[in-house]
Amino acid sequence: MRVLRKLFFVELKLLFREPAAWLLVLLLPLALVTTFGLVSKPRENTSPILTFFPAMALSIGLAQLALTVLPAALANDREKGILRRMASTPVHPSRLLGAQLAVTVVMALVTLGGVLLIGSAVLGFPLPREPLGFVLAFVLGAGALFAVGLCIAAVAPTGRVASGIGAGVFFVSMVFGGVFMPAEVMPKVMVEIGTYLPIGASMQALRASWAGQWPETLPLLAMAGLIVVFGGIAARTFRWE
């Protein structure tokens, strides 16, 4: 446990040496929810579309973290030989992987706290009216995105390739996931495709719980299935060197 804790703080320190990464993950969602909050004036507006803005900001932050930051960090460690050198020591590389995941989980929780705090206390967005459904949607959504990110890290030979694949997956997920525009104004076929993608399923479940409804079964099952499928692929194909 002590080794894992030390690795966690080392990885956290290394992350903060790359301000472009953590500033994008932490500040972009806050900037988005603040901008749309000032424009839409949620304290004076009761439209259901208000659930779109905080869910969108949170989904973008999680997606950036899982699809760009995490895969690039792990692929870079492999490319530099860090994982190979650790394999010859009593500290197994899996502990480094655990430390990386712990850092991403902490950042995800910080992003969540920031969006909820600023969105509700400062701007007037409502808190999720179905809290248990919201927690379930957040956990499954983050798990599905992290599983896809780990799968990218498993197959990408270098950090640059991991960043490129992650950026491509991120963009496609944004288009079909109802992030660039609300599902209410998207073609039905795009919404249906998005239901089976991590961001689309997460957006649908988050918005439903924010509006006080229990998330529909299909998005929840889709996210759980993505965790099993991509998590299994990542576990089978991940290479330490």
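## Helix H10 and its cover

Helix H6 (131-155) and helix H9 (198-210) are among the elements covering the buried residues of H10. Here, contact means heavy atoms within 4.5 Å, while helices are DSSP runs (H or I, at least four residues; strands are E, at least two), numbered from the N terminus. Keep in mind that this is a predicted model: local features need pLDDT of at least 70, side-chain atom pairs count only at pLDDT 80 or more, and totals for chains, interfaces and linings use all residues. Numbering starts from 1 along each chain as its sequence is written, and side-chain values use heavy atoms, with hydrogens and water left out.

H10 itself covers residues 217-237, so 21 residues, and spans 30 Å from first C-alpha to last, close to the 30 Å expected at 1.5 Å a residue (expected span: 1.5 Å times one less than the number of residues). Its buried residues are Pro219, Leu220, Ala222, Met223, Leu226 and Ala234. Buried means under 20% relative accessible area, exposed over 50%, and partly exposed in between (1.4 Å probe, protein chains only).

## One salt bridge

The structure has one salt bridge, that is, a side-chain nitrogen of Lys or Arg within 4 Å of a carboxyl oxygen of Asp or Glu. Arg207 pairs with Glu184, with the closest N and O atoms 2.8 Å apart. This ties together distant parts of the chain: Arg207 sits in helix H9 and Glu184 in the loop between H7 and helix H8 (188-194), 23 residues apart.

Arg207 counts as buried because its relative accessibility is 12%, whereas Glu184 is exposed, with a relative accessible area of 52%.

## A nonpolar patch

Phe171, Val172, Phe180, Met181 and Val185 make a nonpolar surface patch of about 500 Å². Phe171 belongs to helix H7 (residues 159-176) and, at 51% relative accessibility, counts as exposed. Patch members have over 30% relative accessible area and no salt bridge; like charges are joined within 9 Å, nonpolar side chains (Val, Leu, Ile, Met, Phe, Trp, Tyr) within 5 Å.

## The chain overall

The chain has 10 helices and zero strands. Of its 241 residues, 47% are buried. Among contacts with a separation of 6 or more, 78% come from residues 24 or more positions apart.

Key
Areas by Shrake-Rupley, 256 points an atom, 1.4 Å probe, with all protein chains shown as cover.
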